[in-house]
Amino acid sequence: QVQLVESGGGLVQAGGSLRLSCAASGRTVSSYAMAWFRQAPGKEREFVAAIDWSGGSTYSRDSARFTISRDNAKNTVYLQMNRLKAEDTAVYYCAASPQVVVTNLWDYWGQGTQVTVSS
């Protein structure tokens, strides 16, 4: 079993930045791929970024603004979000799975952290 706890969400003005954190525990999380998803009200959950277990491969829906990284010594994955826009407002979820998954069918999910961008 893997437990995921997100933090770092909040209210920010458009153009600002936030860094989300996801603390993982249980099993050998350092060997798991990790990802961030988001879900805005009335919309489906969508992919934001993913990273393999080593950090050697990363994927992002907007690499110019969203950067995913991890610190396996701390069992933590981060999402750096820059130049935020109002449409980035959503609940952001951390996910884990043995390998990077191209769909939203990841094995483990956190409870989410709210990000609100004011225009």
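**View A. Surroundings of Leu 79 in the predicted model**. Beyond its neighbours within four places in sequence, Leu 79 is in contact with Leu 18, Arg 19, Leu 20, Trp 36, Val 48, Ala 49, Phe 66, Thr 67, Ile 68 and Tyr 92.

**View B. The largest nonpolar core**. This core comprises 28 residues, and those that touch the most other members are Leu 4, Met 34, Trp 36, Val 77, Leu 79, Met 81 and Tyr 92. Two or more residues each are contributed by β3 (18–25), β4 (33–39), β5 (46–51), β7 (66–71), β8 (76–81), β9 (90–97) and β11 (113–118). Another core, of six residues, lies apart from this one and includes Phe 37, Ala 50, Ala 95 and Trp 106.

**View C. The salt bridge between Arg 61 and Glu 46**. The side chains of Arg 61 and Glu 46 meet at 3.6 Å, N to O.

**View D. Salt bridges of Arg 65 with Asp 62 and Asp 88**. The closest N and O atoms of Arg 65 and Asp 62 are 2.7 Å apart. Arg 65 also forms a salt bridge with Asp 88 (2.7 Å, N to O). The latter pair joins the loop between β6 and β7, which holds Arg 65, to the loop between β8 and β9, which holds Asp 88, 23 residues apart. Both Arg 65 and Asp 88 are buried. Through shared partners, salt bridges join Arg 38, Glu 46, Arg 61, Asp 62, Arg 65 and Asp 88 into one network.

Technical notes: Residues are numbered from 1 along each chain as its sequence is written. This is a predicted model: local features need pLDDT of at least 70, side-chain atom pairs count only at pLDDT 80 or more; totals for chains, interfaces and linings use all residues. Side-chain values use heavy atoms; hydrogens and water are left out. A nonpolar core is a set of buried Ala, Val, Leu, Ile, Met, Phe, Trp, Tyr and Cys residues joined through side-chain atoms within 4.5 Å. Buried means under 20% relative accessible area, exposed over 50%, partly exposed in between (1.4 Å probe, protein chains only). Helices (H or I, at least four residues) and strands (E, at least two) are DSSP runs, numbered from the N terminus. Contact means heavy atoms within 4.5 Å. A salt bridge is a side-chain nitrogen of Lys or Arg within 4 Å of a carboxyl oxygen of Asp or Glu.
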